[in-house]
Amino acid sequence: MPKARKKKAPVTTSVASSSSSPHTTRTIIRRFHVLLKRQEQLKRDPSTASHAAELRKIEKEIEEMGGLAAYQHMSDIGQGNDRGGGSEKVLIKWLTDMGFSKPHGTPNQKRLLEVGALKPDNYASCSSWIDVTPIDLRSRHAAIREQDFLEMGVNENQGRWDIISLSLVVNFVPEPRDRGRMLCLAHAFLREAGLLFLVLPLPCVENSRYLTFELLQSLMTTVGFVETHKKWKQGGKMAYWLYRKVERHTRSDSSPFRKRTMCRQGSSRNNFVILVQEE
Ligand SMILES: C[S@@+](CC[C@H](N)C(=O)[O-])C[C@H]1O[C@@H](n2cnc3c(N)ncnc32)[C@H](O)[C@@H]1O
């Protein structure tokens with residue numbers, strides 16, 4: 001009689017403890033990004049049998065890794081391991097430096113849309129001056145609204161928010177055009193002179209074949225943002241920016257960010273790119 005095959009344990013059951021090493025959490029997070037990207041590509045073209053088979057294989061691996069829940073868990077651990085806490089600390093510091101925390105009272109509360117919220121209370125210490133709405137594709141808490149940012153209605157949200165946080169969310173989005181759409185939507189949802197907090201893993205800009213700090217700045221100008229703050233350090237893991245919404249002058253159909261253009265080569269570089277197509 002053939003031996004019964006031992007069922008493979010999900011990768012995360014052995015590693016998803018809060019004592020996971022930074023290396024393990026980063027490896028799993030990276031693998032998730034690779035799988036999600038390929039899944040998105042295959043979903044757009046499942047026509048051939050080999051694509052359909054590969055899609056099933058990828059979905060199985062994602063499931064075996066514990067799905068989005070495990071990814072979020074790893075990201076949560078990663079916050080502590082890599083950054084000494086969440087990125088909200090950086091945003092709170094910048095807003096405080098800008099004098100936002102001074103005028104107390106409800107009328108002066110700033111409406112913050114926190115996209116990709118792993119915890120409901122990241123801004124609890126600022127509740128007198130920040131009114132936060134945390135959302136995520138998969139809510140981990142009753143106070144986090146389960147909502148895809150890309151599906152939020154433009155009419156209800158146009159100009160509604162004072163601040164939008166996209167911390168490690170744009171790089172999660174598998175499709176480069178959806179990354180650009182996310183930035184364009186953030187622009188539409190912010191009130192005049194509203195603020196966008198953007199956080200990306202440093203290699204997305206420092207080591208990409210398609211993106212540099214200069215190109216990102218130019219892309220953000222195209223979308224209608226000016227940089228007010230920036231923080232990253234050589235050899236670090238994260239890069240943080242704060243942008244202010246300004247009027248959008250360039251029509252994005254004439255922008256150089258509609259197509260992927262290689263700006264530097266190198267076998268150790270990654271392919272991170274953001275494409276902007278919308279009006
Ligand atoms: C790496 S975690 C980042 C969490 C946290 N913001 C941080 O800075 O550590 C990315 C989160 O973004 C969420 N996310 C990705 N795309 C999203 C979208 N379109 N709408 C809402 N949440 C999204 C994912 O579900 C995931 O929980």
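View 1. At 28% relative accessibility, Arg-191 is classed as partly exposed, a label for residues between buried (under 20% relative accessible area) and exposed (over 50%), computed with a 1.4 Å probe on protein chains only. Asp-162, at 13%, counts as buried. The two side chains meet in a salt bridge at 2.6 Å, N to O; the term stands for a side-chain nitrogen of Lys or Arg within 4 Å of a carboxyl oxygen of Asp or Glu. The pair links distant parts of the chain, 29 residues apart: Arg-191 is in strand 5 (residues 190–201) and Asp-162 in strand 4 (residues 161–167). Strands (E, at least two residues) and helices (H or I, at least four) are DSSP runs numbered from the N terminus.

The model is predicted: local features need pLDDT of at least 70 and side-chain atom pairs count only at pLDDT 80 or more, while totals for chains, interfaces and linings use all residues. Residues are numbered from 1 along each chain as its sequence is written, and side-chain values use heavy atoms, leaving out hydrogens and water.

**View 2. Arg-38 and Glu-54 in a salt bridge.** Their side chains meet at 2.8 Å, N to O. Arg-38 belongs to helix 2 (residues 22–44) and Glu-54 to helix 3 (residues 49–64), so the pair ties together parts 16 residues apart in sequence. Arg-38 is partly exposed at 28% relative accessibility, and Glu-54 is partly exposed with a relative accessible area of 28%.

**View 3. A network of salt bridges linking Arg-44, Glu-175 and Arg-177.** In the salt bridge between Glu-175 and Arg-177, the closest N and O atoms are 3.8 Å apart. Glu-175 is buried at 11% relative accessible area, whereas Arg-177 is partly exposed at 37%. The structure holds eight salt bridges.
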